[in-house]
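I opened this notebook to record what I looked up in one structure. The entries go from the overall fold to single residues.

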Amino acid sequence: MELSSERAAAALEMPQSQKDDGPFNSDSDGDYESLPPHVSVATHMTAGAVAGILEHTVMYPVDSVKTRMQSLQPDRNAQYRSVYEALKRIIQTEGIFRPLRGLNITMMGAGPAHALYFACYERVKRSLSDVIQRGGNSHLANGMAGSVATVLHDAVMNPAEVIKQRMQMYNSPYRGLWDCVQTITRTEGIGAFYRSYSTQLTMNIPFQAVHFITYELMQEQLNPHRHYHPGSHIVSGAAAGAISAAITTPLDVCKTLLNTQENVALNSMKISGHLTGMANTFRTVYRLGGMAAFFKGVQARVIYQMPSTAIAWSVYEFFKYFLTKQ
């Protein structure tokens, strides 16, 4: 978000023909992105929390399918050819609410995690842009800000991810949220909730760096003067989510194995106790399925991330616009 004085000066110097550039430019919307330097952290946190909850809830059934499709040695009743077939079979055989199992803990984690995430991103991006590009838009600053924000986001979200994925698995033994929390704590210790944290960060830092750089690049093309326009935020968000998701799928497969500790797969490899460490997980995935195993569930992951990221950005930009105008 650039400073308003620089934005105003640039607008005065810009030729009229250049002011009209950009397929999503609309002078009637007002340059809302020039205002955030005066907006409180609470505004960014509120917008981020709402965006995060909607992002994770709207496409949650597809996320459940992704977790199952990433299983390295699935039960024969949980082997699916496509996302549609998986959802259809899960609903028919396990009930209409089964794809929503674990949604409660996801919502509890997504609100505070995304509040920290967006607030941190906006502050760090602005500070680094001032240093690197004298207040202008810097792709390096965008990527670094996304990476820093991810460290905070994952610290809050990682325990929720562990519980969520344990409850999403086929034949999950847990009766509900608190049973899952108590059983994991009792049998594996508190550390189990952060067993995949390093892998999650290794995945999410490049994911978010690519995500934010792609989003900002798309915004430069579609919405160069950064007016509020839902269409540009949706298209940019969807493209950023799809590219980032596809690139980081191998790490997501490893994260899922660390979170679920898939018994059948680990027993077949004669692994006693619990699987730990990113290097061990990479070796295990490769031995179980070769290179192809690293891309299990890529279709579901991209299908989940495209609309989710589009929703997150469009809702975040709307609330930022709305709260700023208020």
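**Entry 1. Overall fold.** I counted 14 helices and 0 strands in the protein chain. Helices (H or I, at least four residues) and strands (E, at least two) are DSSP runs, numbered from the N terminus. Along the sequence I read the pattern α-α-α-α-α-α-α-α-α-α-α-α-α-α. The model is predicted, and local features need pLDDT of at least 70, side-chain atom pairs count only at pLDDT 80 or more, while totals for chains, interfaces and linings use all residues. Residues are numbered from 1 along each chain as its sequence is written, and side-chain values use heavy atoms, with hydrogens and water left out.

I then looked up burial, where buried means under 20% relative accessible area, exposed over 50% and partly exposed in between (1.4 Å probe, protein chains only). Of the 326 residues in the protein chain, 54% are buried. For contacts, I used heavy atoms within 4.5 Å. Among contacts between residues at least 6 apart in sequence, 80% join residues at least 24 apart.

**Entry 2. Aromatic pairs.** A pair of aromatic rings is described by the distance of the centres and the angle of the planes. Rings of Phe, Tyr and Trp (its six-membered ring) pair if their centres lie within 6.5 Å; planes under 30 degrees apart count as stacked, over 60 as edge-to-face and the rest as tilted. By this rule I recorded 14 aromatic pairs. One of them joins Phe 118 and Trp 313, edge-to-face, with 5.6 Å centre to centre and 85 degrees between the planes. Phe 118 lies in helix α6 (residues 103-133) and Trp 313 in helix α14 (residues 298-325), so this pair ties together parts that are 195 residues apart in sequence. Phe 118 counts as buried, at 3% relative accessibility, and Trp 313 counts as buried at 2%.

I next looked up Phe 318 and Phe 322, whose ring centres are 6.0 Å apart with planes at 20 degrees, so the pair is stacked. Both residues lie in helix α14, 4 residues apart, about one turn of the helix. An α-helix has 3.6 residues a turn, so residues three or four places apart point the same way. Phe 318 is partly exposed at 36% relative accessibility, and Phe 322 is partly exposed at 38%.

I also noted one aromatic cluster formed by Tyr 117, Phe 118, Tyr 121, Phe 212, Tyr 215, Trp 313 and Tyr 316.

**Entry 3. Ala 51.** Which residues does Ala 51 touch, not counting residues up to four places away in sequence? I found Phe 118, Ala 312, Val 315 and Tyr 316. Ala 51 is found in helix α3 and is buried, with a relative accessible area of 0%. Ala 51 and Ala 110 are 59 residues apart in sequence and 9.0 Å apart in space, C-alpha to C-alpha.

**Entry 4. Two helices.** The expected span of a helix is 1.5 Å times one less than its number of residues. Helix α10 (residues 230-247) has 18 residues and reaches 26 Å from its first C-alpha to its last, close to the 26 Å expected. Its buried residues include Ser 232, His 233, Gly 237 and Ala 245. The buried residues of α10 pack against α9 (197-222), α11 (249-260) and α14.

Just after α8, Gly 189 takes a positive phi of about 85 degrees.

**Entry 5. Cavities.** On a 1 Å grid over the protein atoms alone, a cavity is a set of points where a 1.4 Å probe fits but cannot get out, and lining residues have an atom within 4 Å of a point. Grid points are joined across faces, edges and corners, and a volume is the space filled by probe spheres set on the points. How many cavities of 30 Å³ or more does a search of the whole structure find? I recorded 4. The largest cavity holds about 360 Å³ of space. Of the 26 residues that line the largest cavity, the closest to its centre are Glu 55, His 56, His 153, Asn 204 and Gln 305. Helices that each supply at least two residues of this lining include α3 (41-58), α7 (139-168) and α14.

Notes:
1 Å grid on protein atoms, 1.4 Å probe; cavity = no way out; pocket = protein on both sides within 12 Å on 5 of 7 lines; lining within 4 Å.
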